[in-house]
Amino acid sequence: MKKEDLFKEIGLIDENLINAAGHNGTEKRKKGISKKWVVLVACLILYSSTASALLATEYYKNQNSEPYIRYLKAEDMELEPTAQYEAEKFLHALKSDNNEYVYIAINRLVESFNDQKLRVKALKELQPFLKNENQKIADAAAFAVDILSKSYRSPYIVKLADGSMVFTLFNNYSDYGSQNVIWRIKDNVLKEYLSFSTPSMYVTKIVPSPNHKLVAIVTCSNKSNFVQISNIEEGMTSPELIESARVKYGAQKELDTWIRTDHENYSYADKLVWKDNDTLAFEGSLAYQNTEIIENVTVKYQFSKKIIEVKELNTSR
């Protein structure tokens with residue numbers, strides 16, 4: 001990075017001083033400039049050069065101290081453009097000084113599960129990260145090792161009635177939740193089972209039914225919640241339940257229910273519970289007229305019969 005660009009990025013140096021410091025002294029000075037101004041400019045250049053080195057060191061130190069990621073885009077997880085999954089690239093990235101690269105590489109190495117040779121190699125390379133001083137990296141390594149070693153002890157793994165397992169990677173990487181992809185291991189083979197498009201950018205919960213045949217999957221953006229039920233064994237998924245409840249309750253109360261082009265609903269779900277093996281219930285906060293009206297409701301959905309019931313939440317004791 002050029003020195004003057006660094007000054008601007010840090011934002012602590014006056015533009016005029018940047019311009020002055022940018023001259024390297026090779027230009028011919030006009031006559032009439034006093035020696036005291038020459039000395040002053042020289043001092044300013046020396047000061048700014050020293051300050052830039054100190055500020056740059058601190059700036060890049062702060063940039064690399066914690067792998068805080070707001071949202072994982074596909075290109076972020078590749079580290080570099082590629083046409084297909086390359087385990088060796090992520091094994092190499094473990095040696096990076098950039099914590100974000102290391103964190104991404106640890107999670108992506110789980111995808112080497114199906115290749116015995118790569119799986120064993122990844123397990124060996126991940127061992128040192130189990131005691132990493134950065135807790136996010138240590139937790140990611142613990143989960144990756146749990147999957148790759150086929151221990152399956154992590155609470156992030158949901159075990160289903162058919163013997164398969166589902167989970168997300170990048171668990172709780174954001175303040176909002178985990179990566180919006182559901183992975184499945186069945187018959188000792190790892191596959192991507194289901195992914196969600198925006199605005200369902202994060203998976204916050206995977207809640208199995210009592211008999212573990214169905215799962216309720218809660219996703220979110222930073223504005224909205226979304227709930228779906230999936231029968232993973234049979235490959236069937238319910239409609240999105242919060243928007244379904246919002247439309248149904250809006251019709252019941254004669255409220256205008258506009259559907260936004262960005263598909264945000266500005267509504268939320270809480271206290272999810274399975275009433276039986278087929279019926280999910282939760283409390284909802286449903287928004288109407290651009291959040292001018294908020295309706296608190298209870299929602300029940302019977303998966304097999306595709307029946308949704310929405311009632312006003314009784315807050316009286």
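The buried residues of H8 (buried: under 20% relative accessible area, 1.4 Å probe, protein chains only) are Lys136, Ile137, Ala138, Ala140, Ala141, Phe143, Ala144, Val145, Asp146, Ile147 and Leu148. The model is predicted, with local features requiring pLDDT of at least 70 and side-chain atom pairs pLDDT 80 or more, whereas totals for chains, interfaces and linings use all residues. Residues are numbered from 1 along each chain as its sequence is written, and side-chain values use heavy atoms, without hydrogens and water.

**View 1. Helix H8, residues 135-148.** H8 spans 20 Å from first to last C-alpha over its 14 residues, close to the 20 Å expected at 1.5 Å a residue (1.5 Å times one less than the number of residues). Helices are DSSP runs of H or I of at least four residues, and strands are runs of E of at least two, numbered from the N terminus. Of the 14 residues, 11 are buried.

**View 2. Surroundings of H8.** Its buried residues pack against helices H6 (99-108) and H7 (116-126) and against strands S2 (165-167) and S4 (181-186) (contact: heavy atoms within 4.5 Å).

**View 3. The two ends of H8.** At the start, a side-chain oxygen of asparagine 134 comes to within 3.1 Å of the backbone nitrogen of lysine 136. Just after the helix, lysine 150 adopts a positive phi of about 60°.

**View 4. Helix H6 and its cap.** Because seven of the 10 residues of H6 are buried, the helix is largely enclosed by the rest of the structure. The buried residues of H6 pack against helix H4 (74-78), helix H5 (87-93), H7 and H8. Asparagine 98 caps the N-terminal end of H6, with a side-chain oxygen 2.8 Å from the backbone nitrogen of glutamate 100.

Notes:
Buried < 20%, exposed > 50% of the residue type's maximum accessible area, 1.4 Å probe, protein only. Polar contact = N/O pair within 3.5 Å; in protein donor to acceptor, adjacent residues only side chain to side chain.
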